[in-house]
Amino acid sequence: MVDPIGRIVLNVTTVSVTVSVLTLTFISIDRWYAICFPLRYKPRPERAWRSIAVIWLIGFLSDLPEFLVLTTRRKKLRFDIKLFTQCVATWDNETEKTFYIVKFVILYTLPLLFMTVAYFQIVRVLWRSDTIPGHRESRNQPCGIHSTRTTLNCVGNTSTMGQLRARRKAAKMLVAVVIMFAGCYFPVHMLNVARYTIDIGQSDIVAVLSLFSHWLCYANSAVNPVIYNFMSGTYLPQYRSGSHNHDQFLKHFSSKALL
């Protein structure tokens, strides 16, 4: 018996997690290209739309094998109930083990490798002070009030030091994003692989660990805005500015509607 609703719900849930992983990977590559090669980087809307289309296409294709072999199976309970069924794959354990190992490599190992390499190079660029225009010259000039030139040098030195602190703060934020991704997605992949490699069986502890590992995947998407909020010097002011503009628009729209 095949229940299309159950297959679709399970497929959409899995694809949404895959899309989140691929989005983080594409963002890291885009940031790497923009920061490490600023003269070559030219942001275009069509590039963003193509990236979104590719991400969703890969997400659906990665889950297509499992979607094709899913079927519903009634689970035997201590009491008779006809509405409780499970969506399970009909392939053998060896094929399912191979499928989860491939997902572990494609959806965890490779994205983590890409993000680590990209953000490592970005951190190197952001952490260095000699990449800020004028910082080396202003650093060698003493601050004073004897002339307009030395005063401007002092102001420039203060400005570049502020830029350096902001850039290093952003570098720490990127490191936190990678660490959170690695920690949140590792348990679910390791548990799926362990089920078919060391035969951990099924128990209450394994069921709790499975639920908690899946919760961590969704928690990663929720915690990223928190990281951007507390570790980025520009995210919160821009968010407040956007919220203020949105409130002004709503007030203007409401006043027009009342006329």
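Q: Which residues line the second largest pocket, and which of them lie nearest its centre?
A: In this predicted model, 15 residues line the second largest pocket, and F26, D30, R47, A48 and S51 lie nearest its centre. Helix 1 and helix 2 are the elements that give two or more residues to this lining. Helix 1 supplies the largest share, seven residues.

Q: What is the volume of the second largest pocket, and what is its lining like by class?
A: The volume is about 330 Å³. The lining of this second largest pocket has 10 nonpolar, two polar and three charged residues.

Q: What volume does the largest pocket have?
A: The largest pocket has a volume of about 1,500 Å³. Its lining counts 39 residues, and Y100, N192, R195, S210 and H214 are the closest to its centre. Two or more lining residues come from each of helix 1 (4-36), strand 1 (70-74), strand 2 (85-89), helix 3, helix 5 (148-197) and helix 6 (204-231).

Q: Which element gives the largest share of the lining of the largest pocket?
A: Helix 1 does, with seven residues. By class, the lining of the largest pocket has 20 nonpolar, 11 polar and eight charged residues.

Q: How many salt bridges does the structure hold?
A: Start with the general idea: side chains of opposite charge can pair when their charged atoms come close. The structure holds one salt bridge. The side chains of E94 and K97 form this contact, at 3.3 Å from N to O. Because E94 and K97 are three residues apart in helix 3 (residues 93-127), about one helical turn separates them.

Q: Which side chain of opposite charge is nearest to K103?
A: That side chain is D63, 4.5 Å away. A salt bridge needs a nitrogen-to-oxygen distance within 4 Å, and K103, although buried, has no salt bridge. K103 lies in helix 3. Leaving aside neighbours within four places in sequence, K103 is in contact with T14, Y108 and H189.

Q: Is E66 buried or exposed?
A: The reading rests on relative accessibility, where buried means under 20%. E66 is at 9%, so E66 counts as buried. The place of E66 is in helix 2 (residues 45-69).

Q: Which residues does E66 touch, not counting residues up to four places away in sequence?
A: E66 touches W91, F99 and Y100 on that count. Distance along the chain is a separate matter: E66 and L10 are 56 residues apart in sequence, and their C-alpha atoms are separated by 9.9 Å.

Technical notes
Residues are numbered from 1 along each chain as its sequence is written. This is a predicted model: local features need pLDDT of at least 70, side-chain atom pairs count only at pLDDT 80 or more; totals for chains, interfaces and linings use all residues. Side-chain values use heavy atoms; hydrogens and water are left out. Helices (H or I, at least four residues) and strands (E, at least two) are DSSP runs, numbered from the N terminus. Buried means under 20% relative accessible area, exposed over 50%, partly exposed in between (1.4 Å probe, protein chains only). Contact means heavy atoms within 4.5 Å. Lys and Arg count as positive and Asp and Glu as negative; His and the chain ends are not counted. On a 1 Å grid over the protein atoms alone, a cavity is a set of points where a 1.4 Å probe fits but cannot get out, and a pocket is an open set with protein on both sides within 12 Å along at least five of seven lines; lining residues have an atom within 4 Å of a point. Grid points are joined across faces, edges and corners, and a volume is the space filled by probe spheres set on the points. Ala, Val, Leu, Ile, Met, Phe, Trp, Tyr, Cys and Pro count as nonpolar, Asp, Glu, Lys and Arg as charged, and the others, Gly among them, as polar.
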